[in-house]
Amino acid sequence: MSLDSITTTIDDAVSDFFDPVATTVGDIVFYTVPVAGTDLPLIVAWLVIAGLVFTSWFGLIQARKLKLAFDVVRGRYDEKDSPGEVNHFQALTAAVSGTVGLGNIAGVAVAVSIGGPGATFWMILCGLLGMATKFVEVTLGVKYREQHPDGTVSGGPMHYLPKGLAERFGRGGAKLGKVLAVLASVMILFFGLFGGNLFQTNQSYAQISSTFGGEDGFLASSAGAVLFGLVVAALVGLVLLGGIRSIASVTSRLVPAMAIMYVLACLVVILVNVTAVPDAIGTIFQGAFEAEGVAGGVIGALIVGFQRAAFSNEAGLGSAPIAHSAVKTKHPASEGLVALLEPFIDTVVVCTMTALTIVIAAPASWDAAREGNEIGGVTITSDAFETVLPWFPNLLTVAVLLFAFSTILTWGYYGLKAWTYLFGRSKVSEIVFKAVWSVFVIAGSLLSLDSLISLADSALFLLSVFNIIGLYLLAPVVKRELNSFLTYVRNRHSGAAEPDAGPAEPETAKAP
């Protein structure tokens with residue numbers, strides 16, 4: 001039996017088993033209600049409402065403290081004796097590497113196809129609201145993190161939910177927090193294996209084999225797929241063995257490089273068509289408030305824009321605090337401010353640049369997609385670049401590979417923290433996880449497992465349910481941490497001695 005037939009048999013068997021499960025779970029997680037002639041997924045409303053609540057609760061912090069956030073990233077308030085593993089910039093790039101990716105390239109194209117150009121406006125708005133949510137969850141992630149005897153740090157919803165709720169509400173809060181923490185860990189682990197790993201490998205392999213191999217080339221064969229998977233698995237394994245320091249070292253170079261390359265390409269297309277920019281911006285604003293688009297007019301554009309932005313920047317899902325918790329700081333809110341830059345970079349900058357490029361270039365594939373034809377999102381983005389840069393699809397392939405690689409690394413770290421929370425933090429446990437993770441990298445180049453990807457998407461959004469419940473209950477804690485850090489900043493500027501910062505040191509975990 002050939003490798004092709006084996007993988008096809010496995011793929012079909014797994015899909016046949018999980019398809020009904022994926023459909024049922026998806027119907028529950030993405031339950032919709034009719035609104036103005038279209039369907040509104042309640043999970044999207046849940047995320048948007050959280051953004052509105054936290055934006056109001058913290059007084060539009062994403063605008064008021066944006067400059068301070070950039071100052072923190074630049075290291076202006078760094079302290080040499082701070083606990084943690086990486087600096088603010090490395091923590092930011094490690095977390096951004098988990099959000100900036102294929103969603104920014106393909107997801108935006110899907111949004112402006114289904115919701116029309118006006119979906120761009122709602123994506124931007126959702127990204128701005130998500131900045132406040134990201135600030136809250138990351139501040140909690142740093143405050144309730146654990147520092148292990150070997151100097152490594154663990155954080156995320158599996159730590160701040162049980163600890164924070166126990167601190168605020170006693171035994172009842174501890175029980176609720178423990179349940180939420182276990183559920184969050186399971187969701188992170190499931191999405192990490194299938195969405196953050198298998199899907200990324202699968203899509204990057206499809207892109208490289210299509211661009212450089214063609215249907216009859218070596219890369220398109222099962223042997224080529226295995227070779228690709230082995231190479232990626234080896235690279236991922238080497239970086240994962242080094243822990244968050246190694247991941248941060250790679251992503252701090254990789255993420256800025258690939259983001260700059262991608263944004264520059266967008267700018268080239270925009271500048272070549274600079275006379276069309278005013279009309280494109282006008283079309284985006286007009287489409288946001290007029291009844292236009294496949295998805296059902298204004299509400300349809302709003303829903304699609306919010307949905308793609310929420311999926312892209314992950315604000316409120318509880319994933320980013322895992323990476324940010326490793327930061328070197330005594331002030332949890334300082335990293336919360338750094339984290340609010342994530343949705344700004346991911347959605348407000350990168351997603352907007354992609355949308356503008358597509359709207360300005362207006363490739364034929366976009367017109368076809370808006371008429372209801374099934375054309376992939378990456379194809380539309382690639383065609384938009386090709387109108388000005390005929391060679392760019394090759395460079396886009398490199399960008400897809402870099403995006404996918406950085407996402408696999410970051411979600412590997414997230415998955416490891418969820419795994420060790422559930423199964424114990426020991427050398428054997430970590431080795432087992434890294435072996436499983438590498439196997440999934442190889443499988444991703446051979447299998448599609450569409451039903452499991454659908455389940456992984458549901459798991460990712462279920463995270464927001466468990467996580468945001470905790471965020472609401474712990475918001476007063478975040479406000480105290482913010483006031484403490486702002487006092488520290490004022491004292492730094494005035495030259496006064498720093499007041500007691502409170503419980504900012506990470507809790508030291510008992511040796512396993």
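1. Buried here means under 20% relative accessible area. Lys-143 has 8%, so Lys-143 counts as buried. Note that this is a predicted model.

2. Lys-143 pairs with Glu-481 in a salt bridge, N to O 3.0 Å. Lys-143 sits in helix 7 (residues 119–143) and Glu-481 in helix 20 (residues 450–494), so the bridge ties together parts 338 residues apart in sequence. Glu-481 is buried too, with a relative accessible area of 8%.

3. The structure holds six salt bridges. Another one joins Glu-146 and Lys-163, with the closest N and O atoms 3.1 Å apart. Glu-146 belongs to strand 3 (residues 146–147) and Lys-163 to helix 8 (residues 157–213), so parts 17 residues apart in sequence are tied together. Glu-146 is buried at 16%. Lys-163 is buried at 18%.

4. Within it, the side chains of Asp-71 and Arg-74 meet at 2.5 Å, N to O. Asp-71 is buried, at 5% relative accessible area. Arg-74 is exposed, at 63%.

5. Now the surface. Ile-260, Leu-264, Leu-267, Leu-271 and Val-274 make a nonpolar patch of about 460 Å². Ile-260 is in helix 10 (residues 243–272). Ile-260 is exposed, with a relative accessible area of 51%.

6. The unreviewed UniProt entry lists transmembrane regions, including residues 40–60, 254–276 and 459–478. Residues 40–60 are 76% helix and 10% strand, with end C-alpha atoms 26 Å apart. Residues 459–478 are 100% helix and 0% strand, and their end C-alpha atoms lie 26 Å apart.

Technical notes
Residues are numbered from 1 along each chain as its sequence is written. This is a predicted model: local features need pLDDT of at least 70, side-chain atom pairs count only at pLDDT 80 or more; totals for chains, interfaces and linings use all residues. Side-chain values use heavy atoms; hydrogens and water are left out. Patches are made of residues with over 30% relative accessible area and no salt bridge: like charges are joined within 9 Å, nonpolar side chains (Val, Leu, Ile, Met, Phe, Trp, Tyr) within 5 Å. Accessible areas come from the Shrake-Rupley method with a 1.4 Å probe; for residues, only the protein chains shown count as cover. A salt bridge is a side-chain nitrogen of Lys or Arg within 4 Å of a carboxyl oxygen of Asp or Glu. Helices (H or I, at least four residues) and strands (E, at least two) are DSSP runs, numbered from the N terminus. Buried means under 20% relative accessible area, exposed over 50%, partly exposed in between (1.4 Å probe, protein chains only). UniProt positions are given in the numbering used here, feature names are shortened, and annotations may be inferred rather than shown by experiment.
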